[in-house]
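Dear colleague,

Here is the structure I promised to pass on to you.

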Amino acid sequence: MKVIEKYNDSLHNPFWKYQLGPETYEVKDTPLRVASIKEALGESTDFEFVTAQHYPERLISRLHPYHDYIRNTSASLANDEEEFYPDLFPGEGAGLKKKVHEPLWGGIWCTDAVTPIKKRTYEVARASAESALTGAEMIREGTERCVYALCRPSGHHAGPRVFGGYCYFNNAAVAAEFLLPSGTVAIVDIDYHHGNGTQEFFEEVKSVFTSSVHCDPSSEYPYFWGYAEETGKGQAAGTNHNEPLPKGAGKREYLASLDRILAKVRDFKPSYLIISAGFDTHRDDPIGGLGLDTADYPEIGAAFAALDLPTLILQEGGYNTSTLGECVRNFLTGFLDAHRNSR
Ligand SMILES: [Zn+2]
């Protein structure tokens, strides 16, 4: 399986996190996550690392009205140590049209103060989206049946209005829009947190089926989205499906939810499948943590392979750097083994 990556090093390494007061303690989205995944995949001959291609900025900027704000703010910082956090959040309807791409006014574009901009953030977020695009192009052209893009930063909390939750550009949405002229797309998000940005992108688009299995948002981020009654809007009614789970949910409960999602994917008959693969569902994750163990991920990967679709797997969350790589490898190996056995 091809593993797409680009610039996955220390370029984006936030130090501060403002949450219940300023904290410097252990920001969890660190480059060590990528190192953990690369080390685990590097131990197997099943995986071949490939550098992501360059794509026109338009493929990202057309989906994100805050694209230029992120680019300009990154460019405005003097050095790699500086971090920019907006401190003014005017809310919807604010009359800031002339200033929306200036750093000081960035609170109109983001939802929180845990997603700072550093000097290299734009470059790294763009490379993450380009990794997704490279994988999307491979499955569209049919050169690969299944590709994994090692995206960091993650994308699924970044929406069509605002970004946040460690995410800048929505890699799944960028890939889906790239694929749409060639067919329909189903997106399944298995991160511990609901993929609110992805859902918002497509909740009125009937050619994209979106779904997510995640911890119940009444007690977990992103709190305001991810409930079972959110099923799509207007002409796209019925094309979104959420499976919120209680925090302690184990493998049996998890797989039952996933089965209900995959049945709906089959009914939708998509041309392409995108998996937003977060591994903060592992029981020892410092941010998330359902009742899943490292050894549970092959079966989860195999369930997706049974759909037998051109598949793009995108890295989302997962913050326990001592287990993350093994979770990813187990998921991908489970997928590959099931795929091979079905041929
Ligand atoms: Zn997550």
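Pro 222 lies in the loop between strand S9 (208-215) and strand S10 (240-245), where helices (H or I, at least four residues) and strands (E, at least two) are DSSP runs numbered from the N terminus. A cis peptide bond, with omega about 10 degrees, joins Tyr 221 to Pro 222. Tyr 223 is in the loop between S9 and S10 as well, and has a positive phi, near 60 degrees, although Tyr 223 is a residue other than glycine. With a relative accessible area of 41%, Tyr 223 is partly exposed, given that buried means under 20% relative accessible area, exposed over 50% and partly exposed in between (1.4 Å probe, protein chains only).

Please bear in mind that this is a predicted model, in which local features need pLDDT of at least 70 and side-chain atom pairs count only at pLDDT 80 or more, while totals for chains, interfaces and linings use all residues. Residues are numbered from 1 along each chain as its sequence is written, and side-chain values use heavy atoms, with hydrogens and water left out.

Two further places concern the backbone. Most residues other than glycine have a negative phi, and most peptide bonds are trans. The bond from Arg 152 to Pro 153 is cis, with omega near 5 degrees, and Pro 153 is found in the loop between strand S7 (146-149) and H5. Lys 269, which is not a glycine, has a positive phi of about 55 degrees; Lys 269 is found in the loop between helix H7 (251-268) and S11, and counts as exposed at 66% relative accessibility.

The zinc ion has as its protein donors Asp 191 (OD), His 193 (ND1) and Asp 280 (OD), which lie 1.9 to 2.1 Å from the ion. Donors here are N, O and S atoms within 2.8 Å of the metal (3.2 Å for Na, K and Ca), and water is not among the atoms, so sites may look incomplete. The sequence spacing of the donor residues is D-x1-H-x86-D, and both Asp 191 and His 193 are buried.

Helix H5 (residues 171-179) is largely enclosed by the rest of the structure, because 8 of its 9 residues are buried. Among the elements that cover these buried residues are helix H4 (121-141), helix H6 (196-202) and strand S8 (185-189), contact meaning heavy atoms within 4.5 Å. The axes of H4 and H5 come within 9 Å and cross at roughly 35 degrees; axes are lines fitted to C-alpha atoms, for helices over the stretch in contact, and angles run from 0 to 180 degrees between N-to-C directions. The residues that H4 brings to H5 include Ala 129, Leu 133 and Ala 136, and those that they meet in H5 include Val 174 and Phe 178.

Helix H1 (residues 32-42) packs against helix H9 (residues 324-341) at an angle of about 50 degrees, with the axes 7 Å apart. H1 and H9 are therefore oblique to each other, since angles under 35 degrees count as roughly parallel, over 145 as roughly antiparallel, 65 to 115 as roughly perpendicular and the rest as oblique. Among the residues in this contact are Ile 37 and Leu 41 in H1, and Val 328 and Leu 332 in H9.

Lastly, Glu 48 is found in strand S4 (residues 48-51) and is partly exposed, with a relative accessible area of 45%. Leaving aside residues up to four places away in sequence, Glu 48 touches Met 1, Lys 2 and Val 3.

With best regards
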